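This report looks at how side chains and secondary-structure elements are arranged in one protein model. Please keep the sequence and the coordinates at hand while reading.

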Amino acid sequence: MAESFLFSIADNVVGKIGSVTLQEIGLAWGVKTELQKLESTLTAIKSVLLDAEEKQWKDRQLRDWLGKLKHVCYDVEDVLDEFRYQALQRQVVSHGSHKTKVLGFFSSSNPLPFSFKMGHRIKEVRERLDGIAADRAQFNLQACMERAPLVYRETTHSFVLASDVIGRDKDKEKILELLMNSSNDDESISVIPIVGLAGLGKTTLAKLVYNDQWVVGHFKKRIWVCVSNDFDMKKVIIDIINSIKTTVEGGSGIGLPNHTDLNMEQSQTLLRSTLGNENFFLVLDDMWNEDRQKWIELKTLLMNGAKGNKIVVTTRGQPVASIMGTVPAYILEGLPHGDCLSLFLKWAFTEGQEKQHPNLVKIGDDIVKKCKGVPLAARTLGSLLFSKFEQRDWLYVRDNDLWKLEQKEGDILPALRLSYEQLPSYLKCCFAYCSIFPKDRVLYNDELVDMWSAQGLIEPSTKKQELDNIGNRYIKELLSRSFFQDFEDCHSYFKFKMHDLMHDLASFISQTECTVIDCVSPTVSRKVRHVSFSYDLDEKEILRVVGELNDIRTIYFPLGLETSRGEPFLKACISKFKCIKMLDLSYSNFDTLPNCISNLKHLRLLNLSGNKRIKKLPNSICKLFHLQMLLLLDCNGLEKLPREFGNLISLRHLRITMKQRALTGIGRLESLRILLIHQCENLEFLLQGTQSLIALRSLHIRGCRSLETLAPSLKQLPSLEHLMIWDCKRLNSLDGNGEDHVPELGNLRVLKLVKLPKLEALPEWMCKFTSLDRLEIRKCPQLTERCKKTTGEDWHKISHVSEIYIDGVKTPEN
């Protein structure tokens with residue numbers, strides 16, 4: 001199972017060898033023959049990999065063979081990556097632009113030493129591959145084609161709709177009865193535990209109760225906190241505070257302070273003041289803590305003087321319920337067969353469609369019996385079979401050998417593994433990689449797409465395809481198949497989560513690829529290529545862990561941990577992990593980035609956010625020609641960008657905080673798609689002279705207090721789709737000197753203007769942007785009056801926009 005996405009890796013490598021760029025490089029450097037041999041061998045192996053992946057369940061030798069093959073495939077990928085690096089370097093050195101065709105760089109000069117070296121490396125990996133390929137004969141593997149991708153349905157909401165939940169009405173009513181009847185004037189807090197196995201729908205049930213009209217009307221404050229495996233008291237306190245602020249103030253909670261700089265005493269004081277003396281309803285979802293002392297400490301902090309406070313706790317463990325509950329735990333059982341079948345059919349067919357396929361419904365009934373009342377299993381398999389009307393596809397699921405594997409309590413459900421096996425190959429790697437996140441982590445599409453892209457898991461088939469669009473489509477496909485859930489559309493981005501069981505599945509699949517270092521399992525396999533840290537380790541411990549690894553491609557700190565990571569950690573990463581593609585140095589603690597950073601030729605994503613000490617970046621960073629994402633948020637001491645910053649010709653995503661008056665050099669970044677400018681307090685203008693970000697699609701500007709106008713920058717952003725300007729106190733105009741020009745913003749779809757007290761009016765040219773379909777204006781007092789429907793002076797400029805929100809209230813449609 002651990003090698004089940006090898007087909008995708010091999011397919012990706014074959015695609016790279018066959019690309020126009022590699023073919024031209026091979027011809028120019030005299031290695032075309034070796035590349036062709038390599039492609040031929042890989043293509044032959046790829047044809048039997050799908051068969052091998054299915055048969056490896058029962059054959060240990062076959063699994064070992066697949067492991068060796070995967071290792072050499074990664075080596076091939078690294079060699080090809082170095083070729084592409086040299087191509088990018090010559091684009092910069094010879095022409096200063098990447099518009100010229102690759103062949104042109106190489107015909108004028110042929111560097112013989114490099115050509116000889118790379119030719120030798122290709123031959124070496126090709127011979128290793130040939131040796132492994134020859135062994136496939138002993139396994140009697142058959143060539144087979146990949147299954148056609150399934151049609152997926154769009155996910156349109158995040159909150160739970162009662163109409164979408166089947167078979168839990170009685171459970172909801174019983175929880176509500178417990179809430180209503182557990183009032184005790186002597187107790188300021190009553191705790192109702194919901195206990196059940198993973199996948200039964202504990203969280204869904206808690207959501208139904210949380211959104212019930214009685215709960216909404218009865219409690220002054222409603223609070224939702226996901227606790228998960230690692231019970232961190234300070235984090236739970238901060239999550240409670242932020243949940244209250246989000247509920248009271250409305251919105252998504254984006255922009256709320258994270259309070260990580262507060263000590264425990266300050267956090268407790270803020271919690272008490274935020275709770276006030278009003279009664280509250282709190283859900284502590286996915287609680288694992290069995291330390292009674294920790295619960296007593298938290299409960300004491302929640303004593304706010306109000307009577308009738310209620311807490312619902314969801315947990316898999318009876319010990320947790322015994323420690324926390326003030327009433328006996330509510331044991332959640334599996335769905336009755338009839339309800340489970342209804343849920344399955346709801347996801348397998350469009351409404352009423354099942355009546356046309358009674359034969360499939362009969363087979364589905366047998367499939368649902370194997371789900372044993374687990375809603376997640378029924379929903380996942382229903383999603384798997386959606387739009388498939390051939391009886392053989394349904395029989396394949398019903399009769400698959402995965403159901404016959406011995407299952408113990410807590411094991412991954414065969415339904416989920418079976419659903420994974422039916423994913424198209426391009427999604428298998430992407431899903432497995434998600435095991436690098438901690439459980440219950442909220443995922444954001446832009447972050448995940450960046451990480452997938454850094455690992456080469458998203459490869460456009462044509463130059464016109466955008467990586468972001470492809471990655472977002474992958475996420476929505478996984479959502480449609482129930483591999484992700486809790487989707488929330490925030491217009492310029494979206495967020496979602498993985499169910500615990502799905503995370504277990506991803507971890508099981510990627511056990512030789514990805515690992516999360518936590519307090520439960522602080523050791524790691526030497527085969528691991530992607531590692532993340534979910535709790536604070538001292539720097540020596542981190543160095544011990546990474547020192548045992550050799551083939552690292554990802555180092556990630558997903559929670560913004562406060563662990564001090566200084567120069568020893570940085571130097572260890574640079575010296576040891578030559579093929580690393582994602583390096584997370586967020587909240588690290590060093591003054592300078594060493595010149596040798598340029599040795600990381602394969603690096604795609606570099607995160608330096610939160611480093612308060614760093615003042616400059618070495619010019620050698622501009623030699624990272626593969627770099628796609630550079631994150632410099634909250635680098636408050638950063639004085640300026642390197643002089644050759646424009647040489648980062650692959651850079652697609654830049655987030656930056658710095659002291660410069662202008663973002664010198666970024667106007668030459670012709671690959672830049674996403675730009676976030678945050679707390680650049682000295683910034684007066686974005687672009688200078690003839691600089692133009694021709695490919696920029698999303699621009700967010702926040703906390704730039706010296707910025708007075710966006711002109712003339714706006715007219716140089718022809719591809720812009722999302723523009724958000726937030727908390728720029730001096731900004732008084734979007735167009736500078738009156739009507740100096742009409743910007744080229746024909747693709748602008750979303751415009752958000754927030755906390756701009758001096759912005760007096762919208763420019764006249766706003767009425768020309770017919771592509772604009774969403775406008776949000778908040779805390780802009782002068783604009784609020786001018787944009788009132790019909791009567792406002794600026795209404796005629798925006799009346800064509802389909803969705804207009806003024807201070808959170810949607811303007812009625814015409």
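Leaving aside neighbours within four places in sequence, which residues is Trp-65 in contact with? The model is a predicted one, and in it Trp-65 is in contact with Ile-45, Leu-49, Ile-132, Asp-135, Arg-136, Phe-139 and Leu-141, once those sequence neighbours are set aside.

**Nonpolar cores**

Trp-65 also belongs to the largest nonpolar core, which has 131 residues, and it is listed with Leu-69, Phe-344, Leu-381, Phe-431, Trp-452 and Phe-484 as the members that touch the most other members. Helix 4 (residues 60-95) supplies the largest share of this core, namely twelve residues. Apart from this core lies another one, of 90 residues, and Leu-608, Leu-617, Leu-734 and Phe-769 are among them.

When residues up to four places away in sequence are not counted, Leu-745 touches Leu-714, Leu-717, Leu-720, Phe-769 and Ser-771. Leu-745 and Leu-714 are 31 residues apart in sequence, yet their C-alpha atoms are 7.6 Å apart in space. Is Leu-745 buried or exposed? Its relative accessibility is 1%, so Leu-745 counts as buried.

**Aromatic pairs and rings under a charge**

Over the whole structure, a search finds 20 aromatic pairs. In one of them, the planes of Phe-437 and Tyr-556 stand at 90 degrees with the ring centres 5.7 Å apart, and the pair is therefore edge-to-face. Because Phe-437 lies in the loop between helix 19 (425-433) and strand 6 (443-444), whereas Tyr-556 lies in strand 11 (residues 554-556), this pair ties together parts that are 119 residues apart in sequence. Phe-437 and Tyr-556 are both buried.

A tilted aromatic pair is formed by Trp-452 and Tyr-474, with 6.4 Å from centre to centre and 55 degrees between the planes. Trp-452 is in helix 20 (residues 445-454) and Tyr-474 in helix 21 (residues 467-480), so that the pair ties together parts 22 residues apart in sequence. Both partners can be described by their relative accessible area: Trp-452 is buried at 0%, and Tyr-474 is buried at 7%.

Elsewhere, ring pairs link Tyr-210, Trp-214, Phe-219, Trp-224 and Phe-281 into a cluster. One of these rings, Tyr-210, has Arg-222 over its face, and an arrangement of this kind is also found for Arg-702 and Trp-726. The table gives the distances.

| Arginine | Ring | Distance to ring centre |
|---|---|---|
| Arg-222 | Tyr-210 | 4.5 Å |
| Arg-702 | Trp-726 | 4.1 Å |

Five strands with parallel pairing form an open sheet, and their order is 2-3-4-1-5. Why is one side of strand 2 (221-228) and of strand 5 (330-331) left without a neighbour in the sheet? These two strands stand at the edges and each has a single partner strand, so one side of each stays without a neighbour there. Strand 3 (residues 280-287) and strand 4 (residues 309-315) run parallel and are joined by four bridges, and Val-283 stands opposite Val-312 in strand 4. Helix 8 (residues 202-210) lies across strand 1 (189-195), strand 2, strand 3 and strand 4, and it runs at about 170 degrees to strand 2.

Note on methods. Residues are numbered from 1 along each chain as its sequence is written. This is a predicted model: local features need pLDDT of at least 70, side-chain atom pairs count only at pLDDT 80 or more; totals for chains, interfaces and linings use all residues. Side-chain values use heavy atoms; hydrogens and water are left out. Rings of Phe, Tyr and Trp (its six-membered ring) pair if their centres lie within 6.5 Å; planes under 30 degrees apart count as stacked, over 60 as edge-to-face and the rest as tilted. Buried means under 20% relative accessible area, exposed over 50%, partly exposed in between (1.4 Å probe, protein chains only). A charge sits over a ring if NZ of Lys or CZ of Arg is within 6 Å of the ring centre and within 35 degrees of the ring normal. A nonpolar core is a set of buried Ala, Val, Leu, Ile, Met, Phe, Trp, Tyr and Cys residues joined through side-chain atoms within 4.5 Å. Contact means heavy atoms within 4.5 Å. Two strands pair if DSSP finds at least two bridges between them. Axes are lines fitted to C-alpha atoms, for helices over the stretch in contact, and angles run from 0 to 180 degrees between N-to-C directions.
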